[in-house]
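Let's take a friendly look at how two protein chains meet. Keep the sequence and the 3D view open as you read.

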2 protein chains.
Amino acid sequence: VDSLARAAGPEAITAIGNVGDDLEVLGVHVSPDLDTVLYTLAELLDEERGWGVRDETYNALGMARELGGASWFTLGDRDIGLHLVRTSWLREGLPLSEATLRLAEALDVRVRLLPATDQPLRTKIQTKDGELDFQEWFVARAHRDEVTGIRYDGAEAARAAPGVLEAIEAAELVVIAPSNPFVSIAVPGIRETLAAKRVSAVSPLVGEKAFRGPLAEMMASLGHEPSPAGIAALYGDLLDVFVVAPGDQGPVGAVECEIDMVAPDRRAEVGRKLLEALL
Amino acid sequence: VDSLARAAGPEAITAIGNVGDDLEVLGVHVSPDLDTVLYTLAELLDEERGWGVRDETYNALGMARELGGASWFTLGDRDIGLHLVRTSWLREGLPLSEATLRLAEALDVRVRLLPATDQPLRTKIQTKDGELDFQEWFVARAHRDEVTGIRYDGAEAARAAPGVLEAIEAAELVVIAPSNPFVSIAVPGIRETLAAKRVSAVSPLVGEKAFRGPLAEMMASLGHEPSPAGIAALYGDLLDVFVVAPGDQGPVGAVECEIDMVAPDRRAEVGRKLLEALL
């Protein structure tokens, strides 16, 4: 998102974020995916870790831990400040999409950032030891349990958040950012709307290695080939253009482009090359 | 409380705290009175300010302010850690008394600290501009509105928290700490239980000046004499012994004792003198 925003100008972009791994911890609502996009675009991200706010302190979490509160999910102090504000807005009845737009505005983020849905859709990870919340599997248990299945809790009842389908319909270019195809598009209506568009996706794997996280292992344990071609197969006929790293083998017609995650000062360049390749 | 705990040993003390100025801010439950007692006894208090945790950071609140969240009530990061834990316990259905005992235990506080009630009893301050929540009047508007009346919202429905009446009944000595008599004893049952005991109170005024806060002004605006004698009159026949600062004029039978708030290392001494005078 940041690469495209730097290349095309932030006002030209609507970013639609996954909420499947949202969670409530210490009584606050956390949207890890939306927050990472928000912090990136607001230039607050801890770029080294790839999540959270840079130069963070952890004093609230430290106290919570001392008192026996949940501390398995790392929340920095500034991060908690954001969660407190969003959670109080949600409790007042604001939909997540509205709360997200407000946060983005307050942080002077000019990309239009929307959650895929305002309903509580949650990705559940099935393992031999039973079904786990996504973050419970990913963070608390350090994704060491083999994944035997995935379930999208609440997906049937979920509807695309206001503006999501309209943004897809109006888009000159649809790009699925490097992401886990298993946790991406479960909201009814979004897939159908995408099907009518020319959709491009950027491979989340370079060779057999994910940019981040245990995607390759998850693919293997679910019986898919952990490769860019395997990813493209998972998206199936939704996909019109697939972007892989130089030298990687994609499906027929794959476009090669530098897609490594890079430092902020080189993102505009990566975005421009991507736009050149796709437009 | 700390003086008596240091003099008599913490295990000998049950402290019963006011909840009338509790509030919900940024979605967390804050109990300013209980927290100040807790932080004092846990030796975490910012002694200079008289509230909050010492060596605090304010990064969460800073972010909340940037995002347009409520920031009028100063909450430090470690303080927020405590509020998050307590609030999540309360949301799980734990009564405030149980949550308070748990926090005290986690902080190795051996005084038994209880809220007067588990029900939501709130002190409302009446002014010419209408009725305000206590902290709205005290903090947000810097107690500049003249007080024309006080109302205890929820007092009729409130019951003493488990252990409170029993602790009063079993006490060898009952001491009302220096406090605002207008916001002190509104829970049905507590006053009646106190009436059967020999009750001592420590004056919250030294001369015409309160240890802290706008008590003298509040007394004057409500038509009471802002003096130790005026305080004693407000407690009325509830009171058997009244403790005033050396040289101050109390009611008949007042005991003089050094009652100034002092640094931690001198509190045991003040407590011992108080116990000598009262037992």
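How many salt bridges are there between chain B and chain A? The count is two, where a salt bridge is a side-chain nitrogen of Lys or Arg within 4 Å of a carboxyl oxygen of Asp or Glu. B:Glu66 takes part in a salt bridge with A:Arg78, and their closest N and O atoms are 3.4 Å apart.

Before going further, a word on the model: it is predicted, so local features need pLDDT of at least 70 and side-chain atom pairs count only at pLDDT 80 or more, while totals for chains, interfaces and linings use all residues. Residues are numbered from 1 along each chain as its sequence is written, chains are lettered from A and ligands numbered from 1 in the order in which they are written, and side-chain values use heavy atoms, with hydrogens and water left out.

**Where the chains touch**

In chain B, 27 residues are in contact with 27 residues of chain A, contact meaning heavy atoms within 4.5 Å. About 2300 Å² is buried between the two chains, and carbon and sulfur atoms give 71% of that area. Buried area is the accessible area (1.4 Å probe) that two parts lose on being put together, summed over both.

There are also four residue pairs in polar contact between chain B and chain A, both residues being at pLDDT 80 or more. A polar contact is a pair of N or O atoms within 3.5 Å; within protein, one must be able to donate a hydrogen and the other to accept it, and residues adjacent in sequence count only if both atoms are side-chain atoms. On the side of chain B that touches chain A, helix 3 (59-66), helix 4 (77-91) and helix 5 (96-106) each supply at least two residues. Helix 4 of chain B gives the most, with 10 residues. Helices are DSSP runs (H or I, at least four residues), as are strands (E, at least two), numbered from the N terminus.

**How the copies are related**

| Residue | Phi |
|---|---|
| B:Glu43 | near 55° |
| B:Ala142 | about 50° |

B:Glu43 is found in the loop between helix 2 (32-41) and helix 3 of chain B. B:Ala142 lies in the loop between helix 6 (134-140) and strand 7 (149-153) of chain B.
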